[in-house]
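Work through the exercises below with the sequence and the model open. Each task is followed by a solution in steps.

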Amino acid sequence: MAGKRTSLAALMVGQPAEQEAPAPAPAPAAPRWPQTVRLEDLADNPDNPRESLRDLEGLADTIRDEGVLQDLVVVPRDTWLAVYPHHAEKVGDRPYVIQHGHRRRHAAALAGLSEVPVKVRESAESAEERTLIENFQRDDLTPLEEARALQRLMELREISLREACRKVGKSPGWGTQRMILLKLRPELQQALVDGTLKLEDAREIGKLPPEEQAMPLAPPPVAESVRRAGNGFHADESVYGVNARREDPASGEKAGGRRRDHGVIRLGPPSVIAAELRAKLSREDLETLVELLSASVAR
């Protein structure tokens, strides 16, 4: 067993040995990165898949009451630009780039805060891929944002749709439905964003060639459907079909009377309507219809 340490000087002069004083504890090292950053020092991530920041006011109210409960994840500017030099203009001279927490940053500004808590990540490698995947996990992207993020992930990693869906925890069928949205004409994509085009309609329209894509026609009011039913139209078909007058035993009107019965022509994409018209109308009637439509467009 080891004994006490004795200094050589004490032995030489015959003095009792003294125990050495313990070395002082090292001072705690200053953190390398700040724990909070001023809002003006934060640049938005140019690769953020969100095209808009929704419900900022609601989040700002929460921040006023509770503060920012989750740190923003940021990357030092130089580290970011070493991987993404093409973003230099958008990042500017702000010292940090937000990787996650864009809504929190802008809601904090609305709440009147001047700085936010951060966690500094010292690597920007695969930052865009992590951003895409983590945004999917938050479930607050719009369908069109999801489609564009999925496409970007495929391009970034050079992977198939199936593999991209696996990375974000979605089925290949879901991915196929989202990718159809990217085939919509720009005005239809905007209608989907605005909510005037339903997602289920958008998926069907996106399967058509661009020149045949159009907004679905609105159904007539219920009162109009009932009125048509009373005049010899079939109310159950009138919402989704272009209804020619049909023989109605109650009215006593015959198909061979003053109006010919062409049956029901269902509404749908232009290609479907055209096929229905070709099947039900004579060549003469089709030519007349084309003239009427051309005159209407020319007005």
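**Exercise 1: Gln-177**

Gln-177 is found in helix 9. The model is a predicted one.

Task: state whether Gln-177 counts as buried, partly exposed or exposed, and give the distance between its C-alpha atom and that of Ala-147.

Solution. 
- Step 1. The relative accessibility of Gln-177 is 30%.
- Step 2. Buried means under 20% and exposed means over 50%, so Gln-177 counts as partly exposed.
- Step 3. Gln-177 and Ala-147 are 30 residues apart along the chain, and their C-alpha atoms are separated by 8.8 Å.

**Exercise 2: Helix 7 and helix 9**

Task: describe how helix 7 and helix 9 pack, and list the residues that make the contact.

Solution. 
- Step 1. The axes of the two helices are 8 Å apart, and the packing angle is about 105 degrees.
- Step 2. Angles of 65 to 115 degrees count as roughly perpendicular, so helix 7 is roughly perpendicular to helix 9.
- Step 3. Helix 7 contributes Pro-143, Glu-146, Ala-147, Leu-150, Gln-151 and Met-154 to the contact, while helix 9 contributes Trp-174, Gly-175, Arg-178 and Met-179.
- Step 4. Sorted by class, this contact has six nonpolar, two polar and two charged residues.

**Exercise 3: Ile-180**

Solution. 
- Step 1. Leu-208 is 28 residues from Ile-180 in sequence, and the C-alpha to C-alpha distance is 9.7 Å.

**Exercise 4: Helix 7 and helix 8**

Task: give the angle, the handedness and the contact residues for helix 7 and helix 8.

Solution. 
- Step 1. Helix 7 (residues 143-157) packs against helix 8 (residues 161-168) at about 115 degrees, with the axes 9 Å apart.
- Step 2. Helix 7 is therefore roughly perpendicular to helix 8.
- Step 3. Their crossing is right-handed.
- Step 4. On the side of helix 7 the contact uses Leu-150, Leu-153 and Met-154, and on the side of helix 8 it uses Leu-161, Ala-164, Cys-165, Lys-167 and Val-168.
- Step 5. These residues divide into seven nonpolar, no polar and one charged.

**Exercise 5: Helix 2 and helix 5**

Task: describe the packing of helix 2 and helix 5 and the classes of residues in their contact.

Solution. 
- Step 1. The angle is about 70 degrees, and the axes of helix 2 and helix 5 are 8 Å apart.
- Step 2. Helix 2 is therefore roughly perpendicular to helix 5.
- Step 3. The crossing of helix 2 and helix 5 is right-handed.
- Step 4. From helix 2, Leu-56, Glu-57, Leu-59, Ala-60, Ile-63 and Arg-64 meet Arg-103, Arg-104, His-106, Ala-107, Ala-108 and Leu-110 of helix 5.
- Step 5. The contact of helix 2 with helix 5 has seven nonpolar residues, one polar and four charged.

**Exercise 6: The nonpolar cores**

Task: state how many residues the largest nonpolar core has and which elements each supply at least two of its residues.

Solution. 
- Step 1. The largest nonpolar core has 18 residues, and Leu-42, Ile-63, Leu-72, Val-74, Val-116 and Val-118 have the most contacts inside it.
- Step 2. At least two residues of this core come from each of helix 2 (56-66), strand 3 (72-76), strand 4 (96-100), helix 5 (102-110) and strand 5 (115-120).
- Step 3. Helix 2 gives the most, with four residues.
- Step 4. Not counting residues up to four places away in sequence, Val-116 touches Gln-35, Thr-36, Val-37, Leu-39, Leu-42, Val-68, Leu-72 and Ala-108.
- Step 5. A second, separate core has 12 residues, including Leu-153, Cys-165, Trp-174 and Met-179.

**Exercise 7: Pro-216**

Task: locate Pro-216 and state which residues it touches beyond four places away in sequence.

Solution. 
- Step 1. Pro-216 lies in the loop between helix 11 (199-205) and helix 12 (222-230).
- Step 2. With a relative accessible area of 40%, Pro-216 is partly exposed.
- Step 3. Pro-216 touches Leu-197, Asp-201 and Ile-205, residues up to four places away in sequence not being counted.
- Step 4. Pro-269 is 53 residues away along the chain, and its C-alpha atom is separated from that of Pro-216 by 7.5 Å.

How values were computed. Residues are numbered from 1 along each chain as its sequence is written. This is a predicted model: local features need pLDDT of at least 70, side-chain atom pairs count only at pLDDT 80 or more; totals for chains, interfaces and linings use all residues. Side-chain values use heavy atoms; hydrogens and water are left out. A nonpolar core is a set of buried Ala, Val, Leu, Ile, Met, Phe, Trp, Tyr and Cys residues joined through side-chain atoms within 4.5 Å. Buried means under 20% relative accessible area, exposed over 50%, partly exposed in between (1.4 Å probe, protein chains only). Contact means heavy atoms within 4.5 Å. Axes are lines fitted to C-alpha atoms, for helices over the stretch in contact, and angles run from 0 to 180 degrees between N-to-C directions. Angles under 35 degrees count as roughly parallel, over 145 as roughly antiparallel, 65 to 115 as roughly perpendicular and the rest as oblique. A crossing is left-handed if the near helix is turned anticlockwise from the far one by less than a right angle, and right-handed if clockwise. Ala, Val, Leu, Ile, Met, Phe, Trp, Tyr, Cys and Pro count as nonpolar, Asp, Glu, Lys and Arg as charged, and the others, Gly among them, as polar.
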